[in-house]
There are 2 protein chains.
Amino acid sequence: MTEKEEITEANQRFYSAFETLDIEQMRSAWDEEYDVTCVHPGWPLIQGRGEVLQSWANIFTNTMVMQFTITEASVVVEGDWAWVVCTEGLRSVVDGRVTEGKIEATNVFRKRGERWLLVHHHGSPVM
Amino acid sequence: MTEKEEITEANQRFYSAFETLDIEQMRSAWDEEYDVTCVHPGWPLIQGRGEVLQSWANIFTNTMVMQFTITEASVVVEGDWAWVVCTEGLRSVVDGRVTEGKIEATNVFRKRGERWLLVHHHGSPVM
């Protein structure tokens with residue numbers, strides 16, 4: 001597998017964790033040492049692993065269905081860092097309401113041993 | 001100057017270009033070789049230098065005043081790549097309407113010779 005394929009797989013793993021709404025899967029997608037950051041669509045910046053994982057737990061509590069179709073626009077690897085720009089085609093059921101739409105995302109990863117882990121996720125709604 | 005200070009300066013140069021609404025300054029802030037990408041708040045992804053610069057020209061045409069207060073949350077340098085997560089405190093006059101608000105931004109830079117140039121800007125509105 002090339003490094004770019006490894007990054008694409010790590011990116012897909014993040015979205016799989018989101019789709020299964022499983023906080024343990026989401027926890028294992030994020031880096032444990034780096035001071036991670038996250039911007040959910042329309043939200044202010046969240047800093048720190050504890051706060052970021054709590055935000056995912058809150059989202060999962062209110063979400064019944066989350067389905068993604070991901071289109072990668074660019075995947076760049078430099079040493080132990082990588083970043084992906086992608087478009088999330090999204091169908092979700094949140095608080096009983098069905099929503100379909102598009103989210104633009106920037107995801108930054110760091111390599112730890114053999115694994116690429118998320119250090120920053122930035123999603124923004126296309127209005 | 002440390003590399004992190006260089007990145008912070010490049011980040012500030014980008015926002016200065018935005019404040020002056022000068023398309024030539026904005027042009028010189030972006031990389032010329034890399035296939036650059038840009039997400040304006042609420043917009044879909046824009047790809048390619050020509051399209052990205054055209055989007056800035058369109059924004060500048062409709063904007064009378066743009067003032068930023070930038071707070072950097074993190075600045076990471078790895079080889080010839082760097083990325084900044086920051087919060088834009090924003091006051092603008094667009095189409096005659098005054099707006100104040102906050103934008104979360106992820107900015108990715110690439111070093112060309114002695115200069116750090118933007119390859120990706122992602123801004124999202126805090127609602």
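**Chains A and B: questions and answers**

Author: In this predicted model, B:Asn11 is found in helix H1 of chain B, which covers residues 3–20.

Reader: Why is B:Asn11 counted as buried?

Author: Its relative accessibility is 0%. Buried means under 20%, so B:Asn11 counts as buried.

Reader: Which residues is B:Asn11 in contact with, leaving aside its neighbours within four places in sequence?

Author: B:Asn11 is in contact with B:Ile70, B:Glu72, B:Val84, B:Cys86, B:Asn107 and B:Phe109. Contact means heavy atoms within 4.5 Å. As for B:Val75, 64 residues from B:Asn11 along the chain, the C-alpha atoms of the two are separated by 9.8 Å.

Reader: What makes up the contact of chain B and chain A?

Author: Chain B gives 30 residues and chain A gives 30 residues. The two chains bury about 2300 Å² between them, with 66% of it on carbon and sulfur atoms. On the side of chain B, the residues that lose the most area to chain A are B:Glu78, B:Trp83 and B:His122, together 22% of what that side buries.

Reader: Which strands of chain B each supply at least two residues of the side that touches chain A?

Author: They are strand E1 (37–39), strand E3 (63–78), strand E4 (81–94), strand E5 (97–112) and strand E6 (115–125). E6(B) gives the most, with six residues. By class, this side of chain B has 16 nonpolar, 11 polar and three charged residues.

Reader: How many salt bridges does the rule find across the interface of chain B and chain A?

Author: The rule finds zero salt bridges there. A salt bridge would need a side-chain nitrogen of Lys or Arg within 4 Å of a carboxyl oxygen of Asp or Glu. For polar contact, the rule finds 12 residue pairs across the interface of chain B and chain A, both residues at pLDDT 80 or more. The cut-off for that is a pair of N or O atoms within 3.5 Å.

Reader: What rotation and shift superpose chain B on chain A?

Author: A rotation of 180° with 0.0 Å of shift along its axis does so, at an RMSD of 0.0 Å.

Reader: Why is that called the relation of a two-fold axis?

Author: Two copies of a chain are related by a rotation about an axis and a shift along it. Here the rotation is 180° and the shift is 0.0 Å, and that is the relation of a two-fold axis. In chain B, the C-alpha nearest the axis belongs to B:Ser124, 2.7 Å from it.

Reader: How do you know that the same surface serves both copies?

Author: Of the contact residues of chain B, 100% recur in chain A.

Definitions and conventions: Residues are numbered from 1 along each chain as its sequence is written. Chains are lettered from A and ligands numbered from 1 in the order in which they are written. This is a predicted model: local features need pLDDT of at least 70, side-chain atom pairs count only at pLDDT 80 or more; totals for chains, interfaces and linings use all residues. Side-chain values use heavy atoms; hydrogens and water are left out. Buried area is the accessible area (1.4 Å probe) that two parts lose on being put together, summed over both. A polar contact is a pair of N or O atoms within 3.5 Å; within protein, one must be able to donate a hydrogen and the other to accept it, and residues adjacent in sequence count only if both atoms are side-chain atoms. Helices (H or I, at least four residues) and strands (E, at least two) are DSSP runs, numbered from the N terminus. Ala, Val, Leu, Ile, Met, Phe, Trp, Tyr, Cys and Pro count as nonpolar, Asp, Glu, Lys and Arg as charged, and the others, Gly among them, as polar. Copies are superposed by least squares on the C-alpha atoms of residues with pLDDT of at least 70 in both. Buried means under 20% relative accessible area, exposed over 50%, partly exposed in between (1.4 Å probe, protein chains only).
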